[in-house]
Amino acid sequence: MAKISLRDVEKSYGSELVLRDCNLDIDDHEFVVLVGPSGSGKTTLLRIIAGLEPVSGGDVYFDDVCVNNIDVGDRDIAMVFQNYGLYPHKSVYENMAFGLRRRKISKSEIDERVRQAGELLGIGDLLRRRPKQLSGGQRQRVALGRAIVRDPSAFLLDEPLSNLDAHLRVQMRAEILKVHKTVTATAVYVTHDQVEALTMGDRIVVMRDGMIQQVGTPDHLYDYPANRFVAGFIGTPAMGFLRCSVRRSADGDTELVSPGVQIPLPRERAAAIPADVDTVEVGVRPERLYLDQTAARSGTLSGTVEMVEQLGSEYYVHVNIDDAVITARTSRDQRVEIEESVKLTTDGAYAHLFDVETGAAYA
């Protein structure tokens, strides 16, 4: 196993700085997911950990040993890429055994490792086939098997499921997690899909524009986003945002108000807003918005239905409020029509509050 640490890591291509101030500690046997939109720097950071890219500044440590000048072949890592990279003329067995043969490992040990990995991944009966005879999911298992047989200290996975259909992606997520629980290696996984991040990671690293925005467990990032970007990126459907004025009464009560919004805040939530701030951006998760008017929720939001998504057991209702669209998750028996005027209710205790200028959360 390996503990991986990044200290003030930077990367530039010419005058363009693509990574800056990246600090991160990944513990032994931890499964950490790097997530962010295209161009956020997550793959570049993974390649730096692997040694495929040199740092422009800062240091990378494996178990307290600086590896900045250690070649990729000597870092005891195994990589799995988006493109499987299998040898088309070799069998599954030969693809998995190839790297071990180059390392002069005995024939008997190679055979044992390959067959064990094949059984672990459910491809033990496919070892004689060639890649063209395999499905996409089976090829991805072979790529994983080729990494597993090396018995590395760390697995680095760069969007390995991007080429699979939705059903296979769900299946392979479970397979990868099963493998990780079985082996003893640390894992760093790159994806642009926040659903993958939430379902797979022990911790998630959210990146944007070459910077780490927040690091935490899936629950912590979902419930306590550090800024508006993280709040909007983590969660499906995405959090909705409305700009509201802060109305404070003489007796200490606080409300968030706009033409279509009136949300009283509990005093502990209101206390997070600085006294000199009179406008905030309010974020509300879809599951905290209700069409049900009978429950004792004091916050109300009034708007017009723009779209309804039917997902079988539930609906996503997209409502225009003050020229911003937010989404409510509702049950299928709460039917509404396009252009219908609706009132949503919510509880101010679950409102997320952000600075209008910086996007930072008021904790």
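In this predicted model, the largest nonpolar core comprises 48 residues, and those with the most contacts inside it are Met96, Val114, Phe155, Leu157, Ile176, Tyr189 and Val206. In soluble globular proteins, nonpolar side chains tend to be buried together. Leaving aside residues up to four places away in sequence, Val206 touches Val35, Met211, Ile212, Gln213, Gln214, Leu221, Phe229, Val230 and Ile234.

An α-helix has 3.6 residues a turn, so residues three or four places apart point the same way. H5 covers residues 166–182; at 1.5 Å a residue its 17 residues should span 24 Å, which agrees with the 25 Å between its end C-alpha atoms. The N-terminal end of H5 is capped by Asp165, with a side-chain oxygen 3.2 Å from the backbone nitrogen of His167.

An open sheet is formed by 4 strands in the order S2-S1-S4-S5, with antiparallel pairing. Strand S2 (16–26) and strand S5 (65–66) are the edge strands, each pairing on one side only. Within the sheet, strand S1 (residues 4–13) pairs with strand S4 (residues 57–62) over 5 bridges, and Ile4 has Phe62 in S4 as its bridge partner. Helix H1 (residues 42–50) packs on this sheet and touches S1, S2 and S4. The direction of H1 makes about 120° with that of S1.

How values were computed. Residues are numbered from 1 along each chain as its sequence is written. This is a predicted model: local features need pLDDT of at least 70, side-chain atom pairs count only at pLDDT 80 or more; totals for chains, interfaces and linings use all residues. Side-chain values use heavy atoms; hydrogens and water are left out. Helices (H or I, at least four residues) and strands (E, at least two) are DSSP runs, numbered from the N terminus. The expected span of a helix is 1.5 Å times one less than its number of residues. A polar contact is a pair of N or O atoms within 3.5 Å; within protein, one must be able to donate a hydrogen and the other to accept it, and residues adjacent in sequence count only if both atoms are side-chain atoms. A nonpolar core is a set of buried Ala, Val, Leu, Ile, Met, Phe, Trp, Tyr and Cys residues joined through side-chain atoms within 4.5 Å. Buried means under 20% relative accessible area, exposed over 50%, partly exposed in between (1.4 Å probe, protein chains only). Contact means heavy atoms within 4.5 Å. Two strands pair if DSSP finds at least two bridges between them. Axes are lines fitted to C-alpha atoms, for helices over the stretch in contact, and angles run from 0 to 180 degrees between N-to-C directions.
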